[in-house]
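Here are some notes to read with the structure open beside you. Take the points one at a time and find each part on screen as you go.

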Amino acid sequence: MEKELLDKRDIDRALSRMAHEIAERNRSLEDICLIGIQRGGVHLARRLARKIKDYEGAEVPCGSLDISLYRDDINLRKEQPVVRKTEIDFDINNKTVVLVDDVLFTGRSIRAAMDALMDMGRPAKIQLAILIDRGHRELPIRADYVGKNIPTSLSEKIEVQLSEEGHPDRVVLLKEGK
Amino acid sequence: MKVLIKNGYIVDPSQGIDGVGEILIEEGKIKEVREHRSGGRRDKAEGLLLEEEFKVIDATGLYVFPGLVDMHVHLREPGFEYKETIKTGTLAAVRGGFTSLCCMPNTKPVNDNETVTEFILRKAYAEGACYVFPIGAITKGQRGEELAEMGMMYEAGCVAFSDDGMPVMNSLLMRRALEYSKRFGVPIISHAEDINLSAGGVMNEGMVSLSLGLRGIPAEAEVVMIKRDIELARLTGGRLHIAHVSTAEGVRAVRDAKKEGLPVTAETCPHYFTLTEDAVRGYKTKAKVNPPLRTDKDIEAIKEGLSDGTIDVIATDHAPHHRDEKICEFDRAAFGISGIETALSLGLTLVRDGVLSLPGLVEKMSLNPARILNIRKGTLKVGEDADITIIDLNKKWKVEPERFASKGKNTPFEGFILEGLPVITICKGKIYERDN
Amino acid sequence: MKGRHLLSIKDLSKEDIIHILDTAEGFRDVLKRDIKKVPTLRGKTVVNLFFEPSTRTRTSFELAAKRLSTDVINFSVPTSSVVKGESLIDTAKTIQALGADFVVVRHASSGVPHLLSEQMDASIVNAGDGINEHPTQALLDAFTIREKKGGFQGLRVAIVGDILHSRVAKSNIPCLRKLGAEVRLIGPPTLVPEGFAGEGIHLFYSMEEGLRDVDVVMMLRIQLERQDRGFFPTVDEYFRLWGLTEERMSLARPDAIVMHPGPMNRGVEIDSAVADSERAVILDQVTNGIAVRMAVLYLLGGVKS
């Protein structure tokens, strides 16, 4: 069973607001960079960068981060892992890094992402931008920018589908069961 | 003890018996053999009367063979009792339906003198479940340097001579052995392998050895030696028996020699007409044997050789080893298969496949080896030892090495479902039963 | 990869090989960073079980394992104690008891990694067994070829030397064939068995014929002791007929690369002028070896038995 929670316009509106919030919170956009977590976060980071450029005229560097090597569930995985590209072709030392991901759930991916970032340099600050916060945190992690809060039950699944992956933009709630 | 085997289907090619009948045993000897169709059927009253006096084995639906004779066995004693002893090896033999066997001389010390021969015979007499006929070494210590005391060993009881496992590379020495043995009329058994061609090899040379990265033993290592020994048999007139023929070209060489009338006989083993080199895949040391398992083409040629009489004998080359000698690096693993408890069932597949008739199989596994060795075995003639094997041809059983009487559990047939089982073996006055 | 072990290239599909190479790309990037270490396999134990001395392969695996944050134990078993009758199975059980998650094994007998995989719970990685295979070498060679040539389709790769006894060749032949390259095997007829010929695999006894228009020349180390076994008369004659010289290299494609698994015998199978030329990618192979071995350990690390 699936239920559409956000459509293309809802997503775009949420991202626009988040772009404004990022610009508002960080006075000097020169020290900011966006890093999306593979895979969904990468597309969202690029969209946010484009919007910031549209609104503020500032070119914010944008990269992608693969966290497979920092995950804590290597013993639990059932399928062969795929290591995707980490592309950060700019210096993150003393920068404010805005980590971007599609869904914030347990917080474990963000923990892994922060560890990965720390191995690549010493950012001045790390902020977190999330399209959907569905609750159920297992670690003390909180997002700085949230597109939408959607309380869920543990048996449900949130899927963010984006045009970059060949779907129409939308967020759906998948329920287990018949 | 008096035993009556009744209603069994008797197959005894030595007397041309091939039909249902009865066998009477008294004092360990065959007292009487009667075929029903020849009008010798006992009337009911006589039968009942007899049953009170005799132990009766009802062999209805079963087949009765003269006890099988295995002319190629490694009993390991003396010296390698951790692999097998005369006691366990002969128990394994009767479990496999064999009532006589020949033991190869590669013991420690080597059976290259009458003392060792006498030791083996004494031990076999006291502890052996079946009859044991020792084969003496051709050369002292099987070193291939000088002839052993073949005459004294012959007088002590050796029935043939062989340096099995350590082929006589020196052609002059092999010539002398074939010449000298004529005095005793016993065969020289050739383990045909050119050890320079086979050096370092652990399996058949071919696509599988290339694919597994194992060093190969080419078929030619066997073929060139068979051909050499045939030439020496021609030169000397000595009796030559080729052990464990494994190659198509080897079969052909023996066939040509026989056509010419040379005094050459040959044997093969069940694994050479059952398995190919593919059994080694996965580095299965249980399929490591010398000569190595070959190819489909070789299996076909061996079956043809059995069928047309080129190959006289099916022997087992029963080679028991300790488990530690098999659960190890393939290169280091010992060559050999513990085969005496599966041989008859594998031989029966040849009958089912139409390669041999039932009397034909009995010739290969009983009568022919007895004739080649010139021993009074392989027959149910009245007055001979009551060595009898009773077989259930339809009994299916699973090969479970842990049930083997042999100490050697090393068989590539583990887990195979085989058809046909020697359910009763009678030897040295004792009756052995087997149900799996 | 489907199994828990890497025993043979033959067990891998084309997709498996490409997945390993793609994963290795990620690790090559890690190796370029200031902090060349990831916490991926923290708490796991890798035992390098080497029954044959091999500083290169052992060091490469050791570094790969350390970069993945595992604990590494080097368990070198000198040949002498094997001769004294120490059982391989006893050694395996000892290492099992030490709690190894991975055992990287090098042994002079073919099939030993397969035997260990049946006897131990750990993931077994074949680091060279007898004259059989050396799968991680083939994978790092494939990685290097892909890096330099972009792909494998239509590529001609010559493997030169003692094909018969080379585990490097025996892993590279199936690996390159699965990836779509054409393979040429060049060497003395005593060391290039005819059984290897097949679809896309051609045999040459002459360097001049075999090297023509190839894209990759993969040299093998000549084991000097083979000379005593009569496979070829002398090292001098070997170099004369099968040594890789600049002159012979000019027969290959102008952009052809030269590979060697090391250690090289200069003046036996390869001339120094070629070994040190621009075309030689021998040191890239060494660097890539670490990334590829990290990928192998990583991909095996999560597979449940």
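1. How many Å separate the centres of domain 1 of chain C and domain 2 of chain C, taken over C-alpha atoms? In this predicted model, the answer is 25 Å. To find the two parts, colour residues 9–133 together with 286–301 as domain 1 of chain C, and residues 135–283 as domain 2. Notice that domain 1 is written as two stretches of the chain.

2. Now look at where those two domains of chain C meet. Domain 1 brings 22 residues into contact with 20 residues of domain 2. On the domain 1 side, helix H1 (14–32), strand S4 (123–129) and helix H12 (282–301) of chain C each give two or more residues. H12(C) has the largest share of that side, with 7 residues. Sorted by class, the domain 1 side holds 10 nonpolar, 6 polar and 6 charged residues.

3. Next, step back to whole chains. Which chains share the most contacts? Of the 2 pairs of chains in contact, it is chains B and C. Chain A and chain B, by contrast, have no contact joining them, and their closest C-alpha atoms lie 25 Å apart.

4. Let us zoom in on the contact between chains B and C. It takes 18 residues from chain C and 15 residues from chain B. On the chain C side, helix H4 (88–97), helix H5 (112–119) and helix H7 (167–179) of chain C are the elements that give two or more residues. H5(C) gives the most to this side, with 3 residues. By class, the chain C side divides into 7 nonpolar, 8 polar and 3 charged residues.

5. One helix of chain B is worth a visit of its own. Helix H8 (residues 248–259) of chain B has 12 residues and reaches 17 Å from its first C-alpha to its last, close to the 16 Å expected at 1.5 Å a residue. Which residues of H8(B) are buried? They are Ala248(B), Gly250(B), Val251(B), Ala253(B), Val254(B) and Ala257(B). The buried residues of H8(B) pack against helix H7 (219–236), strand S13 (240–242), strand S14 (264–268) and helix H9 (296–307) of chain B. Just after H8(B), look for Gly261(B), which takes a positive phi of about 85 degrees.

6. Last, the nonpolar cores. The largest has 160 residues, and those with the most contacts inside it include Leu48(A), Ala129(A), Val103(C) and Leu297(C). H12(C) gives the most to this core, with 10 residues. Leaving aside its neighbours within four places in sequence, Leu297(C) is in contact with Leu41(C), Val46(C), Ala64(C), Ala65(C), Leu68(C) and Phe102(C).

Key: Residues numbered from 1 in each chain as written. Chains lettered and ligands numbered in written order. Predicted model: local features only at pLDDT ≥ 70, side-chain atom pairs only at ≥ 80, totals over all residues. Contact = placed C-beta atoms within 7 Å. Helix = DSSP H or I, 4+ residues; strand = E, 2+ residues; numbered from the N terminus. Nonpolar A, V, L, I, M, F, W, Y, C, P; charged D, E, K, R; others polar. Expected span 1.5 Å × (residues − 1). Buried ≥ 20, exposed ≤ 12 C-beta atoms within 10 Å, placed from the backbone. Domains from an automatic or database assignment. Core = buried A, V, L, I, M, F, W, Y, C linked by C-beta atoms within 7 Å.
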